[in-house]
Structure formats: structure tokens, C-alpha cells
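User: I have a structure open and would like to learn how to read its features. Can you take me through them one at a time?

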Amino acid sequence: MKYSQKEKIFSKKIARPSIITGIYILTYTVLLLFKHVSLRVSLREFNPLYPGNLFISVTFIVLVVLQIWFIKKKKGADSGALLKITIFSLLSLLFLVLAGSIKLSGLKTPDIYLLRQPLERVMTGGLLLGFLLTHYYLISYLWFRITGTGSFVILRALLNSVFILFALFLFTFFYSQTGTTNEFRGKRTGESRVAVVLGAAVWSGNQPSDVLTRRLEKALQLYNEGLIGKIQLMGGSAPGELSEAEVAYNYLREKNMPLGDLLIEKSTSSTTEQIKYISHRLNNQGEFKEIIIISDRFHLVRINEIAKFYKLHVSVINSDMQLSKTSLFYHRVREGIALLIFWLFGL
């Protein structure tokens, strides 16, 4: 039996339009579950107009519409194309399921760090990148087949998926620099205010990095001016180091900060986890009437976006950290990627 005959038999049994559409719907459902379970938000609180949810919904609607258009135009006769679409739709779903399994199962990975990111996060990110590329490949492939692009369809679809992903990054890159924030402008004393110092890198010898030092100095300044009553220190640790929160605590202790006004959380490892902690713990205790988050200016827009997702009202204030042009560009690129990941996957 020739390969083409096997292909036709497989297409008739598996690569059916109804099955392919079902895979799309299942993938969409898995993605929403992944996002909301990761964020600990019920699907009943699903907001279809939130930027990430809106974009996810639109892309899947486009995918289904293109699928229907393709079937109508080709009358289901293009078995080779149906086979490719089935394989890539299953691959897209597989990437997403594997990423969700790693993230939500609490899988223990070796204490290996790449670019200061734990192996678990790198693996999850790689799988989610694979999901996005295959997802946009499907959209591009269907479009090229519908419009009659005859040559190098697969290559063109792959390149187009990369282009779409890059365009998304460019949008979040510029948005992370120009989006609005609720900046702190308090002038009255604030015993009921708490300033949250988000974690930052710790250098060898358990010394705070310049970024963390500047955030702590800003918190100390607000405290000494009577604008806040407590300081919440946050951040976990890399192997062989004290947690970011513990290093911050030691730094402020050496500055004669009253220890009774310091709060410590040392298990979170990302901005999303830290905002989630603030929402579930500080915000719900009712002890503080206002929460101020201290970080770097390039970081404030993403903080604001995550807080909005949790319907958390916070003020933000930037530290006085000055970065070189190269370092600032690196952090802005990183923020653009991080904002895209949060909008789409809730990480």
C-alpha cells in the first residue's frame, strides 16, 4: 500500500473536520483552565474583556472560522492538508498539557538555574513557546491554503507564526513602557499603609543587589517620613543563598529599622506569585487601608496589570535605581516578554 493510500485512510478515520474543531475547543478550554488554576481564580470570575482573555478568544475564533472556510472551499478533499492540520493541532494541545502538568503538579526539578530562572520555569516556558508557535502555525497554514498560496506553504506558515509572535512581543514591549499606573502621591502620615518591597537578585555572600538595595532605601525613606507603618519584604531564594526577603530583612535591621514593623514572605519567586500573595493575604486581612508596591520604573506597568486582574487596588512607586542604557533595554525586553506571558497564561 502506498503512503498516499495510508494517508487517505488515516484522514478518513482521524483527520476529520469535526475532530479537528473538537481539538481546537479542547485546547481553548485547557488554556483557560491552565490560566485560572495557575492564578487561583475561579472560571466564574472569567472576564472576557481582559486583554489576555480577549486575545485568546479572538485567536481561537479566527482558527475555527478559517477551519470552516477551508473545509467549505476544499470540500474536505485535501486529505494531505487535513492530516497536517490534525498533527499540528494535536501537537499544540500536547505542548499546552505538558506545560500545565509541570506547572500545576508541583513537579520537583533539579536545582538548576538558567539566566537566574529555575529549570521548572525554563521547561514550562519552552513548552508554552512551542504551543504559541504551533497555534499560530495552524492559523497561518489555513490562511495560505485558503488563499491559494501554492509553494513553500509549510515554510511560509512557520515564518509567519514567528512573525506573529514577534509582533505580539513588540506590542507588550511598548505597552510595558507606556501603560498607565496608579502612582503613590501620599503626603499625610500613614500608619495604616504598608509598603511592599518586591524581591530582587541577591549577590554572593547574601548581599542585596543594587536593585534590591534601592527598593529597600525607598521603603526606608517612606517609613522615616511617616508615610507608611509597615514594610512587607518578599522573595524566595536560589540554592545556597538566603531568601531575598531575609537578605532585605538583614539590610533594614542594620539600618536600625524597628523589627516589629517588618513582615517577611520568603516562598514566592515571581511577580505574579507576589501580587497573588498580596491579594490573598495582605488585602484580605483588613489591617491595611492602603498597599504601596515598590519596584523599578520599568516594572510598574506589569505590576499594575497583574493587580487589575485580581481587582486589587494598589499604589506603586519606583525606586531611585539608575540603569545603564544596555541594562535598561535588557530589563524592558524582559518586561515585554513577562507581560505577554502573564496576559496569555497567567504566569
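**Reading the features, step by step**

User: Where do we start?

Analyst: With the source. This is a predicted model. Now to the helices.

User: How are two packed helices described?

Analyst: Two packed helices are described by the angle between their axes and the distance between the axes.

User: At what angle do the axes of H5 and H6 cross?

Analyst: Helix H5 covers residues 119–146 and helix H6 covers residues 153–178. Their axes cross at roughly 125° and come within 7 Å. H5 and H6 are therefore oblique to each other.

User: Is the crossing of H5 and H6 left-handed or right-handed?

Analyst: The H5 and H6 crossing is right-handed.

User: On to charges. What is the general idea?

Analyst: Side chains of opposite charge can pair when their charged atoms come close.

User: How many salt bridges does a search of the whole structure find?

Analyst: Nine. Let us take some of them in turn. One of them joins the side chains of Asp 296 and Arg 215, at 2.5 Å from N to O. Asp 296 sits in the loop between strand S8 (290–295) and helix H10 (300–309), and Arg 215 sits in helix H7 (residues 210–224), so this pair ties together parts 81 residues apart in sequence.

User: Are Asp 296 and Arg 215 buried or exposed?

Analyst: Both Asp 296 and Arg 215 are buried.

User: Which residue does Lys 255 meet in a salt bridge?

Analyst: Glu 217, with 3.7 Å from N to O between the side chains. Lys 255 lies in the loop between helix H8 (244–254) and strand S7 (262–265), while Glu 217 belongs to helix H7, so the pair links parts 38 residues apart in sequence. Lys 255 has 40% relative accessibility, so it counts as partly exposed. Glu 217 has 30%, so Glu 217 also counts as partly exposed.

User: How far apart in helix H10 are Glu 305 and Lys 308?

Analyst: Three residues, which means they are separated by about one helical turn. Their side chains meet in a salt bridge, 3.1 Å from N to O.

User: Why does Glu 305 count as buried?

Analyst: Because its relative accessibility is 2%, and buried means under 20%. Lys 308 is at 43%, so Lys 308 counts as partly exposed.

User: Last topic: the surface. Which residues form a nonpolar patch there?

Analyst: Leu 49, Leu 54, Val 58 and Val 62. Together they have about 340 Å² of accessible area.

User: Where does Val 62 lie?

Analyst: In helix H3, residues 51–74. Val 62 has 35% relative accessibility, so it counts as partly exposed.

Note on methods
Residues numbered from 1 in each chain as written. Predicted model: local features only at pLDDT ≥ 70, side-chain atom pairs only at ≥ 80, totals over all residues. Heavy atoms only, no water. Patch = residues over 30% accessible without salt bridge, like charges linked within 9 Å, V, L, I, M, F, W, Y side chains within 5 Å. Areas by Shrake-Rupley, 256 points an atom, 1.4 Å probe, with all protein chains shown as cover. Salt bridge = Lys/Arg side-chain N within 4 Å of Asp/Glu carboxyl O. Helix = DSSP H or I, 4+ residues; strand = E, 2+ residues; numbered from the N terminus. Buried < 20%, exposed > 50% of the residue type's maximum accessible area, 1.4 Å probe, protein only. Axes fitted to C-alpha atoms, helices over the stretch in contact; angles between N-to-C directions. Parallel < 35°, antiparallel > 145°, perpendicular 65-115°, else oblique. Left-handed = near helix turned anticlockwise from the far one by under 90°.
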